[in-house]
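Have a look at the structure first, then read on.

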Amino acid sequence: MKQEQKSELTRQLILNESFNLFYKHGFKATSVDKIMNATNLTKGAFYHHYNSKKELGLAVISSNLQKRVVDGMITPLHQKGDALKLLEDIFSTRLKSFSLEEKQHGCPMNNLINEIADTEVAYQIALKAIIDKWTTALIELIDRGKTENTIKKDISSKAVAIYLISAFEGVRGIRKLYDDDLILDQYISGLSFYLKQLRA
């Protein structure tokens with residue numbers, strides 16, 4: 001294997017294991033030593049790729065976290081079809097697709113927002129960039145619905161987008177408190193009711 005490929009595989013291993021550890025144990029509780037134990041790599045390998053845990057955290061946000069949101073919540077918004085139906089399907093399907101572990105641990109992005117976004121401007125900017133990207137994609141779909149006369153024209157597309165993201169992230173956090181999915185079922189029912197109010 002070429003050195004370049006080996007180096008990239010090592011970088012990916014560090015990123016993926018770090019993401020898993022941050023998700024399960026929190027960013028602050030995860031030391032570089034814990035990451036190295038999980039990867040079976042030396043500290044030298046870590047510092048070859050990242051100057052600090054902060055730099056690694058930013059890399060996890062801009063790669064692993066962003067990919068999760070883009071693949072699960074943004075790319076599906078670009079499908080053809082009724083805008084409101086798409087919104088309902090995407091949000092409810094995504095919730096139903098989570099494993100038990102994901103339901104118990106909540107949203108990795110939301111967890112990081114709550115844990116570190118207020119302690120470091122660089123983290124704040126990186127996490128905000130994902131939310132902004134998601135918001136923009138939602139606004140585009142809602143505006144398309146207005147153009148196609150399926151969504152009321154007098155509503156604020158941005159307000160709806162922010163509400164949808166906030167409610168989704170909120171219920172993911174609340175689900176951590178429960179042993180079953182009843183709270184998710186109630187959210188999906190409420191989402192359906194809310195979206196019906198937007199139909200033209």
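How many aromatic pairs does a search of the whole structure find? The search turns up nine, where rings of Phe, Tyr and Trp (its six-membered ring) pair if their centres lie within 6.5 Å, with planes under 30 degrees apart counting as stacked, over 60 as edge-to-face and the rest as tilted.

Before the details, some ground rules. This is a predicted model, so local features need pLDDT of at least 70 and side-chain atom pairs count only at pLDDT 80 or more, while totals for chains, interfaces and linings use all residues. Residues are numbered from 1 along each chain as its sequence is written, and side-chain values use heavy atoms, with hydrogens and water left out.

**Two of the pairs**

Here are two of them side by side.

| Pair | Centre to centre | Angle between planes | Class |
|---|---|---|---|
| Phe46 and Tyr50 | 6.0 Å | 45° | tilted |
| Phe91 and Phe168 | 5.4 Å | 80° | edge-to-face |

For reference, buried means under 20% relative accessible area, exposed over 50%, and partly exposed in between (1.4 Å probe, protein chains only). Phe91 counts as buried at 1%, and Phe168 does at 2%.

Helices (H or I, at least four residues) and strands (E, at least two) are DSSP runs, numbered from the N terminus.

**How α5 meets α9**

The axes of α5 and α9 are 12 Å apart and the helices pack at an angle of about 15°. Axes here are lines fitted to C-alpha atoms, for helices over the stretch in contact, and angles run from 0 to 180 degrees between N-to-C directions.

Which residues make the contact? From α5 come Leu87, Phe91, Arg94 and Leu95, and from α9 come Leu164, Phe168, Val171 and Arg172; contact means heavy atoms within 4.5 Å. So the edge-to-face partners Phe91 and Phe168 both turn up in this contact.

**A cluster and two charges over rings**

Phe22, Phe27 and Tyr123 make up one aromatic cluster. Phe27 also has the charged end of Lys53 over its ring, 4.4 Å from the centre. Arg172, already listed in the helix contact, lies over the face of Phe98 at 3.7 Å from the ring centre. A charge sits over a ring if NZ of Lys or CZ of Arg is within 6 Å of the ring centre and within 35 degrees of the ring normal.

**The rest of the chain**

Zooming out, the protein chain has ten helices and zero strands. Its C-alpha trace spans about 60 × 35 × 35 Å along the principal axes, and 44% of the 200 residues count as buried. Among contacts between residues at least 6 apart in sequence, 70% join residues at least 24 apart.

Last, the loops. Asn40, in the loop between α2 (32-39) and α3 (43-49), has phi near 60°, a positive value in a residue other than glycine. At 71% relative accessibility, Asn40 counts as exposed. Asn149 also has phi near 60°, and Asn149 is found in the loop between α8 (121-147) and α9.
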